[in-house]
Amino acid sequence: MAALGAPLRTLRALLRELRHAAGRSYRDSPAYRHVLAAFRAHRVTSEKLCRAQQELHFQAATYLCLLRSIREHEALHREYHGRGERTPQEVAGLVGFRLPQQPGGKG
Amino acid sequence: RPPPAAAGSCPVGLCGRRAYAPPAERKRFYQNVSISQGEGGFEINLDHRKLKTPQAKLFTVPSEALAIAVATEWDSQKDTIKFYTMHLTTLCNTALDNPTQRNKTQLIRAAVKFLETDTVCYRVEEPPALAELQKNEWDPVVEWVEKRYNVTIGSSTSILGPNIAASTKETFVSHLASYNMWALQGIEFVITQLKSLILSMSLIDRHITVEKAVLLSRLEEEYQIRRWGNVEWAHDYDLCELRARTAAGTLFVHLCSESSTVKHKLLQD
């Protein structure tokens with residue numbers, strides 16, 4: 001089984017990511033409730049190496065990775081790749097020119 | 001304008017795009033996202049409209065947890081719908097539409113074929129530091145897979161790659177045959193992302209995490225980054241995208257192949 005750390009830590013981070021994704025009503029979102037319910041259902045067990053518990057933890061860690069990577073990817077995209085092309089006005093402005101105004105419009 | 005119920009694509013004639021490629025972004029046109037249970041499985045509702053696949057089939061998934069995750073993807077979209085971030089939705093669409101029209105045998109064959117060009121089997125001899133890193137990081141994973149599946153794989157420094165025994169391929173073929181069609185789509189997706197059958201099986205068998213699998217897949221890049229420096233807008237960008245896709249594929253496989261029976265254990269006090 002992969003080295004995952006403490007389940008509580010994964011759960012907290014996952015809930016935080018869901019909060020980022022959902023916005024205001026995150027506590028009522030199906031994902032939030034499902035994750036909490038799943039963790040509660042698997043909490044009480046007499047075995048320390050409960051396989052279902054480990055599988056759930058792995059799933060939660062994977063989902064956490066998914067949400068976190070999407071958020072980070074979007075942030076990088078916005079910062080570096082999101083601006084698109086400059087308008088002709090901006091390009092002209094780069095060298096201190098302004099585009100000519102044509103009172104009657106073009107042609 | 002394309003009907004809002006469709007998950008995205010328009011006929012080739014209207015916008016000159018490939019028939020199966022949805023537009024990259026469009027405005028969010030719905031307020032509420034909800035899930036309902038239909039005959040074929042769980043459906044996603046955008047306001048009162050039922051979500052459909054690009055080929056206009058009804059979007060149904062076999063697992064409630066998967067439906068919830070898909071609904072979350074749709075609900076997380078803000079002003080614009082960024083389809084390229086909705087990996088689970090995309091995987092479901094692929095499973096439902098099967099645009100490449102491959103059957104189970106063909107999918108398995110494509111997956112196992114990757115073993116011949118598996119990343120972790122291709123070793124360098126130069127520079128020695130990288131060769132050492134590959135040995136230290138990749139050997140344990142290869143050995144784990146060899147032991148778990150009772151096969152021999154090995155590695156090679158030749159340009160032709162390792163010689164994979166037919167019996168090894170057969171073992172993987174019969175193992176993959178135990179997965180259903182949906183899970184197989186996910187497995188094949190993870191393999192094409194990581195460029196490695198060995199890393200994908202380690203990941204799906206929960207031996208390594210997604211982060212570790214991605215790190216091992218990009219081992220040479222990480223080595224070069226450590227030597228020459230990191231370029232955030234390229235390296236981290238690719239890293240996050242690979243992590244997202246691999247995580248989505250892995251989650252998809254597990255959600256499509258689990259049985260949702262909860263075994264209640266008796267409390268022993």
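This is a predicted model: local features need pLDDT of at least 70, side-chain atom pairs count only at pLDDT 80 or more; totals for chains, interfaces and linings use all residues.
Me: What share of the contacts in chain B join residues at least 24 apart?

Reply: Take the contacts in chain B between residues at least 6 apart in sequence: 63% of them join residues at least 24 apart.

Me: Let's turn to aromatic rings. How is a pair of them described?

Reply: A pair of aromatic rings is described by two things, the distance of the centres and the angle of the planes. Counted over all chains, there are six aromatic pairs here. In one of them, W74(B) and F83(B), the ring centres are 6.2 Å apart and the planes stand at 75 degrees, so this pair is edge-to-face. W74(B) and F83(B) are both buried.

Me: Which residues do ring pairs link into a cluster?

Reply: The cluster is formed by F29(B), Y30(B), W74(B) and F83(B), linked through ring pairs.

Me: And how should I read the pair of Y149(B) and F172(B)?

Reply: Here the centres are 5.1 Å apart and the planes lie at 50 degrees, so the pair of Y149(B) and F172(B) is tilted. It links distant parts of the chain: Y149(B) belongs to helix α5 (residues 128-149) of chain B and F172(B) to helix α6 (residues 166-176) of chain B, 23 residues apart.

Me: Are Y149(B) and F172(B) buried or exposed?

Reply: Y149(B) and F172(B) are both buried.

Me: What sits over the ring of Y149(B)?

Reply: That is the charged end of R148(B), which is 4.4 Å from the centre of the Y149(B) ring.

Me: Now for helices. How are two packed helices described?

Reply: Look for the angle between their axes and the distance between the axes. For α5(B) and helix α8 (residues 197-204) of chain B, the axes come within 10 Å and cross at roughly 70 degrees. The two helices, α5(B) and α8(B), are therefore roughly perpendicular to each other. Their crossing is left-handed.

Me: Which residues of α5(B) and α8(B) meet?

Reply: From α5(B) come V141(B), V142(B), W144(B), V145(B) and Y149(B), and they meet I198(B), L199(B), M201(B) and S202(B) of α8(B).

Me: How do the axes of α1 and α3 in chain A cross?

Reply: The axes of helix α1 (residues 7-22) of chain A and α3(A) come within 9 Å and cross at roughly 40 degrees. The crossing of α1(A) and α3(A) is left-handed. Residues making the contact include A13(A), L14(A) and L18(A) of α1(A), and A60(A), L64(A) and L67(A) of α3(A).

Me: Why is α3(B) said to be largely enclosed?

Reply: Nine of the 11 residues of α3(B) are buried, so the rest of the structure largely encloses this helix. The buried residues of α3(B) include L88(B), L91(B), C92(B) and L96(B).

Me: What covers the buried residues of α3(B)?

Reply: The cover includes α3 (51-81) of chain A, together with β5 (60-61), α2 (64-76), α7 (181-194) and α11 (232-257) of chain B.

Me: Last topic: the backbone. What do most residues and peptide bonds look like?

Reply: Most residues other than glycine have a negative phi, and most peptide bonds are trans. Now look just after α3(B), where N98(B) takes a positive phi of about 45 degrees. N98(B) lies in the loop between α3 (87-97) and α4 of chain B. With 17% relative accessibility, N98(B) counts as buried.

Me: What is phi of N150(B), and where is N150(B) placed?

Reply: Phi of N150(B) is near 55 degrees, a positive value in a residue other than glycine. N150(B) sits in the loop between α5 and α6 of chain B. Its 70% relative accessibility makes N150(B) count as exposed.

Me: Where is there a cis peptide bond?

Reply: Look at E126(B) and P127(B), which are joined by a cis peptide bond with omega about -15 degrees. P127(B) is found in the loop between α4 (104-113) and α5 of chain B.

Methods:
Residues are numbered from 1 along each chain as its sequence is written. Chains are lettered from A and ligands numbered from 1 in the order in which they are written. Side-chain values use heavy atoms; hydrogens and water are left out. Rings of Phe, Tyr and Trp (its six-membered ring) pair if their centres lie within 6.5 Å; planes under 30 degrees apart count as stacked, over 60 as edge-to-face and the rest as tilted. Buried means under 20% relative accessible area, exposed over 50%, partly exposed in between (1.4 Å probe, protein chains only). Helices (H or I, at least four residues) and strands (E, at least two) are DSSP runs, numbered from the N terminus. A charge sits over a ring if NZ of Lys or CZ of Arg is within 6 Å of the ring centre and within 35 degrees of the ring normal. Axes are lines fitted to C-alpha atoms, for helices over the stretch in contact, and angles run from 0 to 180 degrees between N-to-C directions. Angles under 35 degrees count as roughly parallel, over 145 as roughly antiparallel, 65 to 115 as roughly perpendicular and the rest as oblique. A crossing is left-handed if the near helix is turned anticlockwise from the far one by less than a right angle, and right-handed if clockwise. Contact means heavy atoms within 4.5 Å.
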